[in-house]
Amino acid sequence: MKLIINGETQDCKAVTLAELLHVLEYEGDWLATAVNGDLVHREDRADHRLDDGDRIEILSPMQGG
């Protein structure tokens with residue numbers, strides 16, 4: 001299926017948001033995720049099913065000053 005991840009269209013076979021994060025190697029407790037503009041909490045990622053054309057935003061904190 002085609003997903004729009006952080007503004008870029010990608011083909012992916014992941015079924016859930018948790019699977020997508022694993023495939024993309026986004027691991028960590030500090031990630032913020034949204035699907036189609038709706039925040040998806042960490043505990044809900046394994047149950048959140050993705051659909052063709054979904055827009056996913058993945059944000060991680062940056063260090064710096």
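Predicted model: local features only at pLDDT ≥ 70, side-chain atom pairs only at ≥ 80, totals over all residues.

Visitor: In what order do the elements of the chain run from the N terminus?
Guide: Helices (H or I, at least four residues) and strands (E, at least two) are DSSP runs, numbered from the N terminus. The chain holds 1 helix and 5 strands. Read from the N terminus on, their order is β-β-α-β-β-β.

Visitor: What radius of gyration does the chain have, beside that of a compact globule?
Guide: The radius is taken over C-alpha atoms, and the globule rule is 2.2 Å times the number of residues to the power 0.38. Along its principal axes, the C-alpha trace spans about 40 × 25 × 20 Å. For 65 residues a compact globule would have a radius of gyration near 11 Å, and the chain agrees with this, having 11 Å.

Visitor: Which residues touch the most other members of the largest nonpolar core?
Guide: A nonpolar core is a set of buried Ala, Val, Leu, Ile, Met, Phe, Trp, Tyr and Cys residues joined through side-chain atoms within 4.5 Å; buried means under 20% relative accessible area, exposed over 50%, and partly exposed in between, with a 1.4 Å probe and protein chains only. The largest such core has 13 residues, and those touching the most other members are Leu3, Leu17, Leu20, Leu50 and Ile56. Strand E1 (2–5), helix H1 (17–23) and E5 each give two or more residues to this core. The element that gives the most, with 3 residues, is H1.

Visitor: Is Arg45 buried or exposed?
Guide: Arg45 is found in the loop between strand E4 (38–40) and strand E5 (55–59). Leaving aside neighbours within four places in sequence, Arg45 is in contact (heavy atoms within 4.5 Å) with residues including Leu17, Leu21, Leu31 and Val40. With a relative accessible area of 7%, Arg45 is buried.

Visitor: How far apart in space are Leu21 and Leu31, C-alpha to C-alpha?
Guide: Leu21 is found in helix H1 and counts as buried, at 5% relative accessibility. Beyond the residues up to four places away in sequence, Leu21 touches Tyr26, Glu27, Leu31, Thr33, Arg45 and Ile58. Leu21 and Leu31 are 10 residues apart in sequence, and their C-alpha separation is 9.7 Å.

Visitor: Is Cys12 buried or exposed, and is Lys13 buried or exposed?
Guide: The loop between E2 and H1 holds Cys12, and Lys13 is placed in the loop between strand E2 (8–11) and H1. Not counting residues up to four places away in sequence, Cys12 touches Met1, Leu3 and Leu20, whereas the C-alpha atoms of Lys13 and Met1, 12 residues apart along the chain, are separated by 6.2 Å. At 9% relative accessibility Cys12 counts as buried, while Lys13, at 81%, counts as exposed.

Visitor: What is the phi of Asn6, and what is the phi of Asn36?
Guide: Most residues other than glycine have a negative phi. Asn6 lies in the loop between E1 and E2 and is partly exposed, with a relative accessible area of 31%; Asn36 lies in the loop between strand E3 (32–35) and E4 and counts as partly exposed at 42% relative accessibility. Although Asn6 is not a glycine, its phi is positive, at about 50 degrees, and Asn36, also a residue other than glycine, has a positive phi near 55 degrees.

How values were computed: Residues numbered from 1 in each chain as written. Heavy atoms only, no water.
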